Amino acid sequence: MSHDASHGHELPFWRKYIFSVDHKVIGIQYAVTGLLFLFFGFCLMMLMRWQLAYPGQPLPFIGNLFSETAMIGGIMLPEFYNQLGAMHGTIMVFLGVVPLAVGGFGNFVLPLQIGAPDMAFPKLNMVSYWLYFTGGVLMFASFFVPGGAAQSGWTSYAPLSVIASSGQTWWLVGMAFLINSSLLGSINFIVTTVQLRAPGLSFSRLPFFVWSQFVTSFLLLLAFPPLMAAAVLQLMDRLAHTSFFMPSGLVVNGQVLEGFAGGGNAVLWQHLFWFLAHPEVYVLILPAMGIISEIIACNTRKPLYGYKALVWSVVFLGFMSFIVWAHHMYLTGMGPNLSAFFQVTTMIISIPSIVILTTLILSLWGGSIRFTTPMLFALAFLPMFGIGGLTGLPLGLNAADIHLHDTYYVIGHFHYVVAPGTIFALFAGIYHWFPKATGRQMNNFLGKLHFWPSFVLMNFIFMPMLIQGLAGVSRRLYDPMQYAHAQPTQPLNVFISISAWCLGLAQIPFIVNFFWSIFKGKKTDQNPWQATTLEWTAPSPPPHGNFVKEPVVYRGPYEYSVPGQKNDFWPQAMKENN
Amino acid sequence: MSEAGLIKHISHPHPVTGVTNSKLGVWCFLASEVMLFGGLFSAYILLRTGVTDWPRGHEILNVPLATLNTMVLITSSVTMVMAWASLQMKSLSKYRLYMTLTVLLGLAFLVVKAFEYGHKFEHHHFPSTDNFYATYFTLTGLHGLHVIGGIVVNLYFLLFGVKMWEKEPDQLAGRVEAAGLYWHFVDLVWIFLFPVLYLL
Amino acid sequence: MNNNYYGWGLPVDISTTGWRVDELIIVIHWVMAVLFVGWFSFLIYSLFRFRSRPGHKAEYHTKHFKTPTVLEVLVAITEVVLLTAFSFPIWHQYTQGLPPAEKALHVKVVAEQFAWNIHYPGPDRVFGKADPKLMSSTNPLGLDPSDPMGTDDVSTINQLHIPVGVPVIAELSSKDVIHSFFLPVMRVKQDAIPGQKISLWFEATKSGEFEIACAQLCGLGHYRMRGFFVVDEKDKFNAWMAEAAHT
């Protein structure tokens, strides 16, 4: 294939912008759709936070917009709370963060950074996006089916999920679409990175962003299929009444459960689910590490410290991520030997994370640090990921997990990593690459107005959750006031909820900035940040095919402040001295 | 070709990796398929070892018929290779012959499977009957879907092969090779399924 | 509800073994604090020292830092210590260190949506037979009335009473979906999984009225699956048992 109609011929609108095979258009499609789902998932959370702060109180104004199956007189029903919980997690992880981090940033930046004209399989790329879109539509639509959306947690543990209402089936089918979208995408990324690097761009000269997307793609390729298998088995249980996850002798609501032969294993679902879902959390963090590495190198005007350590760490991390999954399952009756294995692997996997974080902090040493908006978000990522990673330690040790399992400590832990962690990195990436995609700069003042409140509020929201977890407050409680041990920390729930709603408001400068800058932002040339990597040698925005002439690479990705050079950056594709 | 704007290594292998894009792509895809069927086989092992009353496959399923089916699928892998080899030897007519045989053999496999399923349904044995049947129907069903997928792809290359052969012969050979790798994998999965489900 | 037991932070601990869990949690948090303060201080210092300003240039070659490698090795050693000196032995005791059967009070905890069914074997220390087919609203455990060993059994809904100073062996299971049996003041938590029987043991050191919580999403009543966990002095416990046997 390649360029049949596009050389010189204008494509009709629907082929240029809707069913485009250009990686940049597809990347923007992923990014915009991902941002919309992030916004939607955030709204679901804001609703939950009302019930948590003021249990049983009617939600003013907005509460009356909901049907009687969700809220009666504005008072939330437990089933709706559980739907919000399950779908907030599902949407944020699978419809928001990953599509933006991998589908959006990966698609847009990766071919440019390796000097390629597009992805290896442009049509497959387009199919990947539309599979994601379809999965997203199914997930959204599931709110409106009888019984509502999935409400068994994003983890969908059996047998609860097998006997749940029809929204769970929509969840499973939606997941099947999302999984296949990711699979096709990961094949594209791997083949593109291996086969289409520009001349001179060896693996040891790759920007760390490309390495992180490359390892992420292997995680998606190899970890998602077991969840596909699990989804097939759960669909069979729900629709064909097999008993893969259904033990014998179940009695539900006082009645012996009819129609199931039994003999199944409820924990089997957990093994298959977590086999994917643990690598999945590294899918959430690796692209973020890649993004902020680029931004740190560029805004310190010096090479990253320990490039080799970074690369080996990320590869090792990817490998280890496949053998830690049962640390989510310590309390399923696990004995000392199996749990010892998973504790050891979990401790081992903390090492590459520590190496990566330390290396990135050390990359600041000796630099000349520019506090641009992307750099602020990238810098904030470091301590936030630090807290997130550190709070994983008590959870990874099963003896401490006895008390902390399934409490708010877990929620605090993973949100620190994903929210002021990954999502900050994604904001950083948007501010950083916006000029390349649009030819215009985002407004700096609005960027800082977005950053500072967000940074403070993120900590106001998630630090108290660690306290609640130590107090033993369980997750997924519609009304925390029913338990004596949860009542004393209820004021924290009010504090957290107000902070969460303020965090929503704090995103307004970003939303305004984003849309205003597309049309009225200050116009910029092709390399406003004076960066070294290949995407900055293409026009802003790059045309179809990206480069007027195929670039040739002469040096590593972070040749900043090279002694003897006139400028403090020496682009990878510049042949001569500068 | 290193003309700016054109994707490289579609028909000609990469000098370092030695493969075309589609070949590497198919190998990646097959790796994911190994994980898919691996997940299912792992589930089967966990379920079977968790109970004491799992029936023996040969007591319930038709081993001779499945043996025949195994031969059908293996033969279709051979004809698939012959189809690709015919393209290498620049013989379009031989390619069409072997590809047609491959498609027909694939359909024959499905017909036999339909007989097997129908026989079970007639005797009121469904996936819900017990976990042996659940595993049998799910694993062979998912495999069957993969066979259908392979037949569709092969049919596409059979029907539209002439046009592609005339425009870009190297690309057609590469794509048929990639389809062949997939088809061999589908065959290989069956070679694991057959003893595990029918014999053990 | 007596809220002297709960606050912001770890609940009161009235078990014989809970102090080990608390000790591990506290030690880890000190390690985490040291690491975080170290990293964060270095980060802030670097941001200040190497901020871009007129006359200040970045260095292309920075020195190779040995400290991080030392720190990484120290962290690895710390993790080995946390595993071998704390977590492994605690878990071993938690799962394998069951008290001798003849010394313990045996109880079965059968979770359902949304209540805890507690089953005592009675003075004969043998549990009566139970069958799912016999389950009903008046017989949630499905106890077989024809089994002579079951006539002295005591069953309650949401009332787990135990005596002070007597080890308890609880066998957890579930009728429907996965629940999780959590006694915050005993530092015990274990999933109750349908199709499985999982044993748990604990021993209380003080009397009082506490609660059972469900720690695994089990449906729309998950939030109200609160049970009463009452620890009595031995006499009071025996009296309660005797009375419960007659109801």
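# A tour of chains A, B and C

Begin with chain C, which is divided into domain 1 (18–53 + 60–96) and domain 2 (105–246); the bounds come from an automatic or database domain assignment. This is a predicted model, in which local features need pLDDT of at least 70, side-chain atom pairs count only at pLDDT 80 or more, and totals for chains, interfaces and linings use all residues. Residues are numbered from 1 along each chain as its sequence is written, and chains are lettered from A and ligands numbered from 1 in the order in which they are written.

**Chain C**

Colour the two domains of chain C separately. Their C-alpha centres lie 40 Å apart. Chain C holds three helices and 10 strands; helices (H or I, at least four residues) and strands (E, at least two) are DSSP runs, numbered from the N terminus. Read from the N terminus, the order is α-α-β-β-β-β-β-β-β-β-β-β-α. The radius of gyration of chain C is 25 Å, well over the 18 Å that the globule rule gives for 247 residues, so the chain is more spread out than a compact globule. That radius is taken over C-alpha atoms, and the globule rule is 2.2 Å times the number of residues to the power 0.38. Along the principal axes, the C-alpha atoms of chain C fill a box of roughly 90 × 35 × 35 Å.

Of the 247 residues of chain C, 40% count as buried. A residue is buried if 20 or more other C-beta atoms lie within 10 Å of its own, exposed if 12 or fewer, and partly exposed in between, with C-beta atoms placed from the backbone.

**Chain A**

Select chain A next. Chain A has 16 helices and four strands. With a radius of gyration of 24 Å, close to the 25 Å that the globule rule gives for 578 residues, chain A is as compact as a globular protein of that length. Its C-alpha atoms fill a box of roughly 80 × 55 × 50 Å, taken along the principal axes. Of the 578 residues of chain A, 65% count as buried.

- Helix 3 (78–113) has a kink of about 50° centred on A:P99. The bend at a residue is the angle between axes fitted to the seven residues ending there and the seven starting there. Because 34 of its 36 residues are buried, helix 3 of chain A is largely enclosed by the rest of the structure. A:G115, which follows helix 3, has a positive phi near 75°.
- Helix 13 (residues 408–438) bends by about 40° at A:H432, and a proline, A:P435, follows within four residues. Helix 13 of chain A is mostly covered, with 28 of its 31 residues buried. Just after helix 13, A:G439 takes a positive phi of about 80°.

**Where chain A meets chain C**

Show chains A and C together. Of the two pairs of chains that touch, A and C have the most contacts; two residues are in contact if their C-beta atoms, placed from the backbone, lie within 7 Å. Here 85 residues of chain A are in contact with 80 residues of chain C. Elements giving two or more residues to the chain A side include helix 3, helix 7 (266–300), helix 10 (373–390) and helix 14 (444–470). Helix 9 of chain A gives the most to this side, with 13 residues. The chain A side divides into 48 nonpolar, 29 polar and eight charged residues. For these classes, Ala, Val, Leu, Ile, Met, Phe, Trp, Tyr, Cys and Pro count as nonpolar, Asp, Glu, Lys and Arg as charged, and the others, Gly among them, as polar.

**Chain B**

No contact joins chain B and chain C, and their closest C-alpha atoms lie 11 Å apart.

**The nonpolar core**

Finish with the largest nonpolar core, which has 321 residues. Such a core is a set of buried Ala, Val, Leu, Ile, Met, Phe, Trp, Tyr and Cys residues joined through C-beta atoms within 7 Å. Which residues have the most contacts inside this core? They are A:I292, A:F377, A:A378, A:F381, A:A425, A:A428 and C:V109. Domain 1 and domain 2 of chain C both give residues to this core, so the core lies between them.

Centre the view on A:A428. Not counting residues up to four places away in sequence, A:A428 touches A:I291, A:I292, A:I295, A:P374, A:F377 and A:A378.
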